[in-house]
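Dear colleague,

I am passing on the structure below, together with some notes on what turned up when I went through it. Please read them with the coordinates open.

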Amino acid sequence: MALTKLNATRGLTGALPAVSAASLTGIVSSQMPSGNIVQVATAFNGDYLDCSTTSYVDVGLSVSFTPKRSSSTIIVQGIMFHRAHATSTVHGDVRFKILVDSTVAVEEGECYSPLGERWVVFQPMTGTYSNSNTNAKTIKMQVKNVSTTSPCVVNPYTGQSSLLVMEIV
C-alpha cells in the first residue's frame, strides 16, 4: 500500500484514501502507556439473600480475573443493593468487603439504620489491589450482618448488586 502524506497546515481537501481495519495491527497491553485500562470484567447478581450471620458470606458476585501485567493496579468497585432493618432496640448494621483471592481490597460499606427504621440502599465501595503477578485471581464481594437481631437482605425486591474490576497499567 502506498504511503499518503498530508499537509494539514493548509487544510485538507479532496478525497482521502480509505483505510482498511485489516491493515491495522493490534496493540498489546505491554505497549500501553501508563494509566490506561487494559482489561475490564463485570458481574451482576439479583438473587435474594437473607443475611442472618455475623460472619462474612459470599453474595454471588465473583469474577475470575487474569491480569495482563504483573505490575498493574487492579481497581475494584462494588455496588451492594441491600435492606437493613433496625428493631426498636437494635440498629441495623451491615458491612461489606471485596476480596482479591484472600486479600481484602476494600472493607467498608457500613450501613447503619436508626432504631425502628428500614433502609433500602445502593451502597458503593471502591478499592485498589497492587498486583504482583499474572496468576488468575478470584475477586468477590461478601456481606455480614453485625447483629443477628436486626434483619438484613441483599437484593431485596427486584434490585441487583454489581462488581466491576479494571486493570490499570
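The side chains of Ser72 and Glu167 are joined by a polar contact of 2.7 Å, a polar contact being a pair of N or O atoms within 3.5 Å, where within protein one must be able to donate a hydrogen and the other to accept it, and residues adjacent in sequence count only if both atoms are side-chain atoms. A polar atom of the Ser72 side chain also lies 3.1 Å from the backbone oxygen of Arg69.

This is a predicted model, in which local features need pLDDT of at least 70 and side-chain atom pairs count only at pLDDT 80 or more, while totals for chains, interfaces and linings use all residues. Residues are numbered from 1 along each chain as its sequence is written, and side-chain values use heavy atoms, with hydrogens and water left out.

Ser72 sits in the loop between strand S3 (57–65) and strand S4 (73–85), strands being DSSP runs of E with at least two residues, numbered from the N terminus. Because its relative accessibility is 2%, Ser72 counts as buried (under 20% relative accessible area, with a 1.4 Å probe and protein chains only). Ser72 and Val169 are 97 residues apart in sequence, yet their C-alpha atoms are 4.8 Å apart in space.

Elsewhere, the largest nonpolar core has 26 residues, and Ile98 is among those with the most contacts inside it; such a core is a set of buried Ala, Val, Leu, Ile, Met, Phe, Trp, Tyr and Cys residues joined through side-chain atoms within 4.5 Å.

Best regards

Key
Helices (H or I, at least four residues) and strands (E, at least two) are DSSP runs, numbered from the N terminus. Buried means under 20% relative accessible area, exposed over 50%, partly exposed in between (1.4 Å probe, protein chains only).
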